[in-house]
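Look at the sequence and the model together.

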Amino acid sequence: MTINEIQDEIIEEFSGLDDWMDKYQLLIDLGNELTPLDEKYKTESNLIDGCQSRVWLQADLVDGSSTGSETVKVIHFSAESDALIVKGIVSLLIRVLSDHTPQEILDADLYFIEEIGLKEHLSPTRSNGLVAMVKQIRAYALAFSTKQ
């Protein structure tokens, strides 16, 4: 699936919920479904600066799909947070951006954040944390794109 197709799927999931308490509950549920991050990745270097709660983000450049004789490299993200809602937010970001090429990630317009109303319903500190998470994901994509 493309990044936009995944975003549209998320928008669809949230559109059925009118009450923001239900949307927060969905975020918490999504966070609880996130595969726990291996302890070896819970390091200082994987902590995201700018988040009030602790968020660890691990990025690995792995082989993706093959096109003919060439294998495309994609970034696989894994993450965890000690805060329930933040864990849900990072799970959405991973769902949208993980297993795509560095260039696809750099070119992505993350419109789902605005569309589901996340931006306007987060506290300023959580909103800053969301920006920090996106910034870190893009920094990994930029670093991996220059290595290729």
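What follows is a tour of a predicted model, one part at a time.

Start with helix 3, which covers residues 84-97. Its 14 residues should span 20 Å at 1.5 Å a residue. The C-alpha atoms at its ends are 20 Å apart, which agrees.

How many of the 14 residues of helix 3 are buried? The count is 12, so the helix is largely enclosed by the rest of the structure. Among them are Ile85, Val86, Gly88, Ile89 and Leu92.

Gly88 sits in helix 3. Its relative accessible area is 0%, so Gly88 is buried. Set aside its neighbours within four places in sequence, and Gly88 is in contact with Leu27 and Gly31. Val55 is 33 residues from Gly88 along the chain. The C-alpha atoms of Val55 and Gly88 are separated by 11 Å.

Now turn to Leu27, in helix 2. Is Leu27 buried or exposed? Its relative accessibility is 0%, so Leu27 counts as buried. Leu27 and Gly88 are 61 residues apart along the chain, yet their C-alpha atoms are separated by 4.5 Å. Beyond its neighbours within four places in sequence, Leu27 is in contact with Phe14, Leu84, Ile85, Gly88, Ile89, Leu92 and Leu118.

## Either side of helix 3

Ala83 lies in the loop between strand 2 and helix 3. Its relative accessibility is 17%, and the cut-off for buried is under 20%. Ala83 therefore counts as buried. Ala83 and Ile28 are 55 residues apart along the chain.

Asp99 belongs to the loop between helix 3 and helix 4. At 42% relative accessibility, Asp99 counts as partly exposed.

Helix 1 runs over residues 3-15 and has 13 residues. From its first C-alpha to its last, helix 1 reaches 18 Å, close to the 18 Å expected at 1.5 Å a residue.

Which residues of helix 1 are buried? They are Ile3, Ile6, Gln7, Ile10, Ile11 and Phe14. Seen down the helix axis, these buried residues fall within an arc of 140 degrees, so they line one face of helix 1. An α-helix has 3.6 residues a turn, so residues three or four places apart point the same way. The buried residues of helix 1 pack against helix 2, helix 3, helix 4 and helix 5.

## Gln7, a residue on that face

Gln7 is found in helix 1. With a relative accessible area of 0%, Gln7 is buried. Where does Gln7 make contacts beyond its neighbours within four places in sequence? Its partners are Val96, Asp109, Leu110, Tyr111 and Phe112.

Gln7 and Ile113 are 106 residues apart in sequence. In space they are 8.8 Å apart, C-alpha to C-alpha.

## The largest pocket

The largest pocket has a volume of about 220 Å³. Of the 14 residues that line this pocket, the closest to its centre are Leu34, Thr35, Phe77, Ser78 and Ile94.

Which elements supply at least two residues each to the lining? They are helix 2, strand 2 and helix 3. By class, the lining has eight nonpolar, four polar and two charged residues.

## Helix 7

Helix 7 covers residues 124-147. At 1.5 Å a residue, its 24 residues should span 34 Å. Its end C-alpha atoms are 35 Å apart, which agrees.

The buried residues of helix 7 include Ser127, Gly129, Leu130, Ala132 and Met133. Further along, Val134, Ile137, Tyr140, Ala141 and Phe144 are buried as well.

Key. Residues numbered from 1 in each chain as written. Predicted model: local features only at pLDDT ≥ 70, side-chain atom pairs only at ≥ 80, totals over all residues. Heavy atoms only, no water. Helix = DSSP H or I, 4+ residues; strand = E, 2+ residues; numbered from the N terminus. Expected span 1.5 Å × (residues − 1). Buried < 20%, exposed > 50% of the residue type's maximum accessible area, 1.4 Å probe, protein only. Arc of directions from axis to C-beta. Contact = heavy atoms within 4.5 Å. 1 Å grid on protein atoms, 1.4 Å probe; cavity = no way out; pocket = protein on both sides within 12 Å on 5 of 7 lines; lining within 4 Å. Points joined across faces, edges and corners; volume = space filled by probe spheres on them. Nonpolar A, V, L, I, M, F, W, Y, C, P; charged D, E, K, R; others polar.
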